[in-house]
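Here is a short note for a colleague who is opening this model. Please keep the structure in view while going through the points.

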Amino acid sequence: MMWGWGNGYWTYGAWLPMMLAMVVFLAFIVWAVVVLTRSWASKAEDHDRTPNPSDPIRILEERFARGEIDEEEYAKRRTILQQNR
């Protein structure tokens with residue numbers, strides 16, 4: 001016969017699995033926070049690195065890299081674009 005609420009038939013060694021379960025649960029929470037934080041941070045960095053597609057100097061550099069214009073034309077146009085900024 002049990003008096004009061006009893007211990008629910010837990011033995012004295014029950015603290016060990018309960019403690020391990022709590023450590024695993026807390027580790028999962030910390031892992032989830034770290035993963036979400038890194039995900040949001042990397043998305044913000046990617047957004048900051050995205051060049052403006054209509055930036056005229058970037059377009060000029062791409063044309064020079066593709067060989068559409070020579071070095072003299074590139075230097076002349078770059079000087080003009082930098083003066084107009």
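1. Basis. This is a predicted model, in which local features need pLDDT of at least 70 and side-chain atom pairs count only at pLDDT 80 or more, while totals for chains, interfaces and linings use all residues. Residues are numbered from 1 along each chain as its sequence is written, and side-chain values use heavy atoms, with hydrogens and water left out.

2. Make-up. The protein chain has 3 helices and 0 strands. Its elements run α-α-α from the N terminus on. Helices (H or I, at least four residues) and strands (E, at least two) are DSSP runs, numbered from the N terminus.

3. Burial. Of the 85 residues in the protein chain, 7% count as buried. Buried means under 20% relative accessible area, exposed means over 50%, and partly exposed is in between (1.4 Å probe, protein chains only).

4. The buried side of α2. Which residues of α2 are buried? They are Ile57, Arg58 and Leu60. They cover an arc of only 160° around the axis, which puts them on the same side of α2. The arc is that of the directions from the helix axis to the C-beta atoms. These buried residues of α2 pack against α3; contact here means heavy atoms within 4.5 Å.

5. The helix pair. Two packed helices are described by the angle between their axes and the distance between the axes. For α2 and α3 the angle is about 175°, and the axes are 10 Å apart. The two helices are therefore roughly antiparallel to each other. From α2, the contact takes in Pro56, Ile57, Leu60, Glu61, Arg63 and Phe64. From α3, it takes in Glu71, Tyr74, Arg77, Arg78, Leu81 and Gln82. The residues of this contact divide into 6 nonpolar, 1 polar and 5 charged.

6. Terms for the pair. Axes are lines fitted to C-alpha atoms, for helices over the stretch in contact, and angles run from 0 to 180 degrees between N-to-C directions. Angles under 35 degrees count as roughly parallel, over 145 as roughly antiparallel, 65 to 115 as roughly perpendicular and the rest as oblique. Ala, Val, Leu, Ile, Met, Phe, Trp, Tyr, Cys and Pro count as nonpolar; Asp, Glu, Lys and Arg count as charged; the others, Gly among them, count as polar.

7. The structure holds 6 salt bridges. Such a bridge is a side-chain nitrogen of Lys or Arg within 4 Å of a carboxyl oxygen of Asp or Glu. One of them joins the side chains of Glu61 and Arg78 (2.9 Å, N to O). Glu61 lies in helix α2 (residues 56-66) and Arg78 in helix α3 (residues 71-83), so the pair ties together parts that are 17 residues apart in sequence. Glu61 is partly exposed at 35% relative accessible area. Arg78 is partly exposed too, at 24%.

8. Glu73 forms a salt bridge with Lys76, with the closest N and O atoms 3.9 Å apart. Both lie in helix α3, 3 residues apart, about one turn of the helix. Glu73 is partly exposed at 22% relative accessibility, and Lys76 is partly exposed at 47%.

9. A network. Salt bridges that share partners join Arg63, Arg66 and Glu68 into one network. Within it, the side chains of Glu68 and Arg66 meet at 2.9 Å, N to O. Arg66 counts as exposed at 53% relative accessibility, whereas Glu68 counts as partly exposed at 46%. Just after α2, Gly67 takes a positive phi of about 90°.
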